[in-house]
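Dear colleague,

I am handing over a structure for you to look through, and below it you will find what turned up in it. Please keep it open beside this message while you read.

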Amino acid sequence: MDTSRRADRTAVRRWSGLILTVALGALIAPSAASADAVTDWNTTMIEAQTIAKVPGPAGARQGAIVEASVFDAANGIRPRFRAIHVRPSAPRFASRDAAAIAAAHEALLTLMPDQAPLFNAQFAASLATLHGSRRSIDAGLRWGTRVADEITAWRADDGSSTILPPYVIGTAPGDWQPTPPAFVTTPAFREAAVTQPFGLRSPSQFRPAGPPALTSRRYAAAFNEEKAFGSLTSTVRTPAQTQTALFWASDGPGALWNRVALQLLARHHVSLLGEARVLALVNMAMCDGAIAVWDAKNFFDTWRPITAIRAASSDGNAATSPDPTWEPLITTPPFQEYPSGHAGVSSSAANMLASFFGARTSFTVVSPAFPGEARHFRSFSAATHDVADARTFAGIHFRVASNDAIGIGRNVARYLRRTMLRPRAHH
């Protein structure tokens, strides 16, 4: 960390200390209403990532770090579950709410220091809702800060900043090529493929079999569906299908699925520790889902529909035909096609939530960037299939890329649910 950043962090801590000194005097007596420290800070995290325009894989990693910090902080006081990283050692009298607040605040300051004013304002608001003794609150704040510092230090060397060898653009049919309008020559987010997962044994643990051969009937069927339905000027895509594509492209999967998680937690009146556990597992699943997807993207290195359709004369398949002027409904992302990132991350979150609330739970997905459009689902599988439709109608993914990504997400969620944050033996 450079000198200026250290100075900024020192100033932030002093500012936070002033808030604490002023607020604690009013905290000795119980408050009539206590804010939900876990859900409030999840909302703050989403807001900060939206303001900062944090891209998908990086946002998934941040979300997992923040919610892991909150869980280990909350669980470390009279622990009920196995820790993620930090061994429970907090005083039994420490405030669990204060620990969650401090952990979220500290983790977010470390990950997004430019958003310090937002985090400090939320910190002050959170402190003002706490109740209990000064001793309990102070112990909780100290413990939560320590947990966040340990987890952010642990993840600082997780490979997400790895400098990879220069990317070489392939020349064979099917190889990824730079796409308009930016024509970026190195696929984005390559580092996600070598980032240490939170729960998976390796990024390649659930690597799929791969896309169909260019000369196969399966490829031709996916190609022709995409060519017809994903075109900017499609005459077969319905207005409702266009809405589906634009809605799911209006926000990242991290924000969309965290909102769904908050909605379900509120409906089921889950305890603070229970909320922390659900959000930690959902966000770690999304992070590991993104890592698994980008492992496969970089391994298979496949072209996008705009490249495939314009260059179909080179694919060796008599059932496909080129259209050199074909354009997708939305701008093609600057990285490989197979498998779909949005579908994989969405499936990771949806399947994790299904493991808590049931596969046939009803819920609504909303996006502030797409006002007036709330999408209602009666099952998690219906939502993930809607995402697969969306990426096809958007013109940026062949359907097989989304279907296989849904399988990756399902496997990631099941594995993490089975192996992480399990109840401690004496419970």
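Phe 357 counts as buried because its relative accessibility is 15%, where buried means under 20% relative accessible area, exposed over 50% and partly exposed in between, with a 1.4 Å probe and protein chains only. Phe 356, at a relative accessible area of 23%, is partly exposed.

This is a predicted model, in which local features need pLDDT of at least 70 and side-chain atom pairs count only at pLDDT 80 or more, while totals for chains, interfaces and linings use all residues. Residues are numbered from 1 along each chain as its sequence is written, and side-chain values use heavy atoms, with hydrogens and water left out.

Phe 356 and Phe 357 also form a tilted aromatic pair, 6.4 Å centre to centre with 50° between the planes; rings of Phe, Tyr and Trp (its six-membered ring) pair if their centres lie within 6.5 Å, and planes under 30 degrees apart count as stacked, over 60 as edge-to-face and the rest as tilted. The structure holds 20 aromatic pairs, and in one of them the rings of Trp 248 and Trp 257 are stacked, because their planes lie at 20°, with the centres 6.4 Å apart. Both Trp 248 and Trp 257 are buried, and they belong to one aromatic cluster together with Phe 247, Phe 363, Phe 370, Phe 377 and Phe 380.

Two charges sit over rings (NZ of Lys or CZ of Arg within 6 Å of the ring centre and within 35 degrees of the ring normal): Arg 155 lies over the face of Trp 154, 5.3 Å from the ring centre, and the charged end of Lys 297 lies over the ring of Trp 294, at 5.3 Å from its centre.
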